4 protein chains.
Amino acid sequence: MQDKISRWQGLIPEEDLAAYRKGAFGRRVGIGARPALLNIDTTFMFVDPAYDMCGREMPELIAAVTRVTDVFRRLGLPIYYSRRDDRSHPTYRGIWNLKLGNAAEFQYATDPRADQWPDAYGPRPSDRIILKNKPSAFFATPLESFLRYDGVDTVVVIGVSTSGCVRAAVTDAFSHNFRVIVVEEAVGDRSPAAHRANLFDMDMKFADVEPIDRVLAEVEMRFAPARAAE
Amino acid sequence: MQDKISRWQGLIPEEDLAAYRKGAFGRRVGIGARPALLNIDTTFMFVDPAYDMCGREMPELIAAVTRVTDVFRRLGLPIYYSRRDDRSHPTYRGIWNLKLGNAAEFQYATDPRADQWPDAYGPRPSDRIILKNKPSAFFATPLESFLRYDGVDTVVVIGVSTSGCVRAAVTDAFSHNFRVIVVEEAVGDRSPAAHRANLFDMDMKFADVEPIDRVLAEVEMRFAPARAAE
Amino acid sequence: MQDKISRWQGLIPEEDLAAYRKGAFGRRVGIGARPALLNIDTTFMFVDPAYDMCGREMPELIAAVTRVTDVFRRLGLPIYYSRRDDRSHPTYRGIWNLKLGNAAEFQYATDPRADQWPDAYGPRPSDRIILKNKPSAFFATPLESFLRYDGVDTVVVIGVSTSGCVRAAVTDAFSHNFRVIVVEEAVGDRSPAAHRANLFDMDMKFADVEPIDRVLAEVEMRFAPARAAE
Amino acid sequence: MQDKISRWQGLIPEEDLAAYRKGAFGRRVGIGARPALLNIDTTFMFVDPAYDMCGREMPELIAAVTRVTDVFRRLGLPIYYSRRDDRSHPTYRGIWNLKLGNAAEFQYATDPRADQWPDAYGPRPSDRIILKNKPSAFFATPLESFLRYDGVDTVVVIGVSTSGCVRAAVTDAFSHNFRVIVVEEAVGDRSPAAHRANLFDMDMKFADVEPIDRVLAEVEMRFAPARAAE
């Protein structure tokens with residue numbers, strides 16, 4: 001029950017799984033006393049194929065993101081959204097200037113919609129927004145201190161991309177000693193291969209990668225309005 | 001020449017590569033004015049199969065690590081080694097207590113050799129050692145500030161594991177605006193599948209994944225003794 | 001009752017106090033749900049006048065540090081000690097090399113006692129030790145993440161020096177959104193003038209500077225064994 | 001020449017100065033290879049007495065800030081400005097909610113001018129702006145990584161207040177192993193007593209507190225256009 005390794009059979013070579021078993025990886029961390037939702041970079045720039053930074057249409061992802069958001073909002077649990085900060089100055093972009101070609105296109109400087117969210121799951125005034133310069137929503141941002149002020153011990157992660165900003169935030173949340181849950185259907189990537197490989201890494205080492213039904217069932221059961229109203 | 005995407009043909013599905021091309025990923029960053037070597041977790045615990053945390057024998061990795069180290073040492077370039085810090089108190093282990101089973105075994109508390117390095121490439125008194133509690137050698141350590149004091153702008157990464165501590169350090173080094181070079185033959189993983197997937201992610205987004213011959217040729221040519229003596 | 005400004009009358013010019021009143025500074029933060037004790041740099045090097053880094057004999061300080069420690073230990077509340085990390089490599093000392101003269105003396109490299117604590121209040125195996133390179137016990141250390149793992153929301157600060165490492169840790173603890181209490185009699189400084197000025201700054205902006213009797217009375221009352229045993 | 005302690009005679013008790021001499025404090029760090037200007041919180045909210053957060057008129061401070069800014073701008077050296085980030089959500093204010101009374105007033109939420117700068121020395125499009133939630137411009141911001149990208153090794157600090165955000169940024173800049181210069185006439189505080197005490201602390205431990213004429217003379221001489229154009 002506690003071993004999460006067997007679910008990866010067929011997707012990851014059996015001899016690789018044996019190495020993880022030997023190292024005792026992949027136990028389940030679980031949801032703690034107070035979860036928050038962390039929605040990573042689901043702005044139009046990354047979920048609307050009209051933008052080059054988005055790999056493809058992802059309707060199932062958007063449905064799952066919306067569904068998870070609705071539950072957290074209804075229960076009054078804290079919700080955080082990350083998106084890129086201002087990219088107008090070369091210094092703000094930093095090494096991105098070297099690693100990403102065509103930085104002008106990357107910026108979408110003349111299109112404010114790029115940094116907005118679809119209404120279905122976008123932020124409300126009661127939510128917190130984190131502007132970030134680098135992949136992780138924790139890197140050089142106040143997210144860690146905001147979560148302490150809000151009394152959060154568990155971060156439930158949704159958004160894009162699994163192999164980039166989701167992975168980076170999950171690693172940092174783990175390192176800050178948060179319990180981390182990744183909602184499998186509510187994270188996505190422009191590359192299905194990279195998506196699967198990163199889910200495996202996170203499930204073995206840093207987080208519980210869990211199906212949406214299981215996560216929402218536990219959240220609904222444990223954080224009913226009486227508690228959420230505190 | 002600048003596009004690093006085509007080298008992944010055959011290893012990553014072609015339609016995934018097309019998505020990365022559309023986003024203009026995968027340019028080459030290059031070595032800057034002063035590189036340092038960062039050797040991640042190559043203690044006996046992770047490279048000697050006598051320990052459960054090591055996946056398998058990796059003689060090619062050890063040969064490559066030794067070769068890179070010899071060049072940096074001969075040129076007088078700064079060398080940093082990371083390893084785990086003291087794990088004797090539950091608080092020092094943090095969420096590892098939940099994610100890794102059998103924490104007692106994980107500690108190897110009674111075997112000091114677990115945290116030592118083979119003589120072939122291990123630290124000398126002139127080197128710097130970073131003790132860390134979490135995957136990234138940058139997380140909650142003075143590594144970033146040490147590199148500033150040493151005037152370093154480029155981090156050349158070697159060690160284990162590609163999908164864990166190497167990936168985490170590379171992401172953070174990129175976020176701190178270092179140029180990052182991963183020496184392909186000198187990083188390793190208990191899972192070949194995870195190794196390849198993470199090399200791809202890093203090469204596309206955060207670092208130059210380069211063959212050892214190319215990296216050492218450039219370092220030898222550009223950082224000859226006259227400069228190294230500064 | 002909430003205004004802490006009036007207690008500084010006579011020590012700080014009245015017109016300065018008026019400026020703080022106008023800015024609405026100096027309210028009381030209070031102790032939250034779970035306090036921890038943070039003992040800053042009370043090693044022999046800083047409390048024994050045999051060492052040049054210590055300004056003078058401080059018997060009242062040592063008595064107060066011991067008294068606070070005894071209460072936290074008896075109640076089973078978490079206790080953290082900070083001290084300097086290894087200073088053997090120039091890179092580990094960093095800019096200290098330039099700002100402090102006579103760095104060799106500063107190190108006390110040949111005297112391990114410099115970095116030990118008197119038995120009266122020194123760490124026990126159940127305590128956590130933080131090694132630091134710079135003034136703040138939070139800077140480039142895992143202290144923030146340790147406190148999260150231990151469920152701590154309030155940091156009670158004791159130790160030396162008020163104008164150096166105590167002030168730096170208090171500022172950072174405040175910034176991480178901890179509640180911070182400074183025990184007035186249990187912090188000390190080589191300069192009485194700097195001591196008083198920094199207590200004022202912290203009391204106005206970052207922390208509650210409180211007398212030892214009041215702090216211990218509240219801790220004893222609120223965190224009796226039943227709770228401490230959790 | 002290197003000892004900065006003697007200049008404090010008459011302002012700090014002689015026996016306190018003796019303790020600092022014994023500890024070998026107060027050497028001069030000097031300007032390194034590439035300085036940047038860091039202007040702390042000189043928005044209307046803090047320099048215009050129409051706002052309660054400002055202690056008093058400070059015409060000499062404003063003249064000095066303008067003069068330093070003009071030199072750095074003319075030489076093409078990088079300039080950074082910090083100001084508070086959005087305070088509209090309770091979580092964004094964090095523990096400020098408890099320590100500062102009358103948080104609504106603190107916000108000046110309905111007055112956008114509060115967060116703007118006077119034209120005389122305010123930011124131009126070529127400058128970098130850092131939004132911060134806590135006293136230090138380095139805490140939970142990308143400032144450290146921006147400075148690396150810009151190749152900066154020395155931070156010249158101006159702004160307000162000496163005992164609050166200036167002190168916090170100076171401590172952090174020192175901890176990140178930057179050389180730090182505080183321009184004495186170009187930093188100010190609502191309390192003259194706190195101003196002087198904090199200048200002393202910084203001059204002894206973390207930074208060179210220097211007169212404006214000396215700093216600008218060295219910057220003009222060493223970073224003339226030929227170099228600034230690089």
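These legends walk through a few close-up views of a predicted model.

Figure 1. Chain A has a mean pLDDT of 91, and 93% of its residues reach 70 or more. For the complex, the predictor gives an ipTM of 0.93 together with a pTM of 0.95.

**Figure 2. The contact between chain B and chain A.** Here 45 residues from chain B meet 45 residues from chain A. On the side of chain B that touches chain A, the elements giving two or more residues are α1 (14–22), α5 (96–99), α6 (103–107), α8 (162–175) and α9 (192–205) of chain B. The biggest giver to that side of chain B is α9(B), with seven residues. By residue kind, the side of chain B that touches chain A splits into 21 nonpolar, 12 polar and 12 charged.

**Figure 3. The axis between chain B and chain A.** Turn chain B by 180 degrees, with a shift of 0.0 Å along the axis, and chain B can be laid on chain A with an RMSD of 0.0 Å. Which residue of chain B comes closest to the rotation axis? Look for B:A197, whose C-alpha lies at 3.1 Å from the axis. Of the interface residues of chain B, 100% are also interface residues in chain A, so these copies meet through the same surface.

**Figure 4. The contact between chain D and chain A.** This view moves on to another pair of chains. The contact takes 12 residues from chain D and 12 residues from chain A. Helix α7 (residues 143–149) of chain D supplies the largest share of the side of chain D that touches chain A, namely three residues. That side of chain D is made up of four nonpolar, six polar and two charged residues.

**Figure 5. The axis between chain D and chain A.** What rotation superposes chain D on chain A? A rotation of 180 degrees does, with 0.0 Å of shift along its axis and an RMSD of 0.0 Å. This is the relation of a two-fold axis.

How values were computed. Residues numbered from 1 in each chain as written. Chains lettered and ligands numbered in written order. Predicted model: local features only at pLDDT ≥ 70, side-chain atom pairs only at ≥ 80, totals over all residues. Contact = placed C-beta atoms within 7 Å. Helix = DSSP H or I, 4+ residues; strand = E, 2+ residues; numbered from the N terminus. Nonpolar A, V, L, I, M, F, W, Y, C, P; charged D, E, K, R; others polar. Least-squares fit on C-alpha atoms with pLDDT ≥ 70 in both. pLDDT = per-residue confidence, 0-100.
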